Amino acid sequence: MRPLKLIGAVLLAVCATTATAKEWKKVRIGVEGAYPPFSWTTEKGELKGFDIDIANALCAAMKAECKLVPQDWDGIIPALLARKYDAIVASMSITEERKKKVAFTNKYYHTPVKFIRKKGSAIEVTDAGLKGKTVGVQRSTVADKYITEKYGEVVTIKRYGTQDEAYLDMKAGRLDLLLGDIIPLNDGFLKKGNDDKFEFVGPDITDKRWFGEGIGIALRKRDKDLKDKLNMAIEQIRKDGTYDKIRAKYFDFDIYGD
């Protein structure tokens, strides 16, 4: 009887695994919609941007019906954990701290962060150069964590719900420096008619302690099958040329990184 019991137990385990595997024919994806050129919302309420196109391409590769759900950055992980959506495609850095709460796919791009200063200010990115300066960052981002932990004792930090709010204060002279991902700062601020007054300063910042392994898609830890599907979809759109077509629409360089 023991072999029969063992076989039965194995069959039950296989059946249970099969029964609990989810096909993910429908996936809800949380997006920010306020982080150009990765995501923004048009006057007609349409979501546009690199993240949006990548999310739609991944859904097509998975043959899944996807619904994009706009969510403010501050609450984007809590809303995932509260099951408002199933995944986050919102330029989220893969960090050890975030891994304590959520799982991540493999990266889908990787870019550094950098400071912006007013031309002629002569501000340098050193402890002495930053002392007493006011730095604007988007709240709860890796840039926020970096400036808080590395320079929090020498600078005043102003935190904003969106990058656009920080840009307005920079132009109004209420900030000495901006800190953020190099692409949104370049495309969303400098190239919007501000490069005659403002400029990048200091090195590209990529320290893994703060900026992790790149940008990935966040998921609930229990949804391992969805993570596998998204990783396969990332690999597929990288191989079939879809990723590069989307990349070329927004950037004239390799955003995927090494």
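This is a predicted model: local features need pLDDT of at least 70, side-chain atom pairs count only at pLDDT 80 or more; totals for chains, interfaces and linings use all residues.
Residues are numbered from 1 along each chain as its sequence is written, and side-chain values use heavy atoms, with hydrogens and water left out.

The protein chain holds eleven helices and 13 strands, taken as DSSP runs (H or I of at least four residues for helices, E of at least two for strands) and numbered from the N terminus. Its C-alpha atoms fill a box of roughly 85 × 40 × 30 Å along the principal axes. Of the 258 residues, 49% count as buried (under 20% relative accessible area, with exposed meaning over 50% and partly exposed in between, for a 1.4 Å probe and protein chains only). For contacts (heavy atoms within 4.5 Å) between residues at least 6 apart in sequence, 69% join residues at least 24 apart.

Over residues 26–254 the model is 38% helix and 27% strand, with 31 Å between the end C-alpha atoms.

Next come the spaces within the fold. On a 1 Å grid over the protein atoms alone, a cavity is a set of points where a 1.4 Å probe fits but cannot get out, whereas a pocket is an open set with protein on both sides within 12 Å along at least five of seven lines; lining residues have an atom within 4 Å of a point. Grid points are joined across faces, edges and corners, and a volume is the space filled by probe spheres set on them. One cavity of 30 Å³ or more is found, and the largest cavity has a volume of about 260 Å³. It is lined by 23 residues, with Tyr35, Ser91, Ser93, Val142 and Asp181 closest to its centre. Strand 6 (87–93), strand 9 (134–138), helix 6 and strand 11 (177–181) each give two or more residues to this lining, which divides into eleven nonpolar, nine polar and three charged residues. Here Ala, Val, Leu, Ile, Met, Phe, Trp, Tyr, Cys and Pro count as nonpolar, Asp, Glu, Lys and Arg as charged, and the others, Gly among them, as polar.

The largest pocket has a volume of about 400 Å³. Among its 18 lining residues, Ile77, Glu97, Arg98, Lys101 and Ser140 lie nearest the centre. Seven of the lining residues are nonpolar, three polar and eight charged.

Several single residues complete the picture. Phe189, in helix 8 (residues 182–194), is buried at 1% relative accessible area. Beyond four places in sequence, Phe189 touches Ile116, Tyr167, Met170, Lys171, Leu178, Pro184, Asn194 and Phe198. The Pro36 to Pro37 peptide bond is cis, with omega near 5°. Lys63, although not a glycine, has a positive phi of about 55° and is exposed at 67% relative accessibility. Ala122 likewise has a positive phi, near 65°, and is exposed at 56%.
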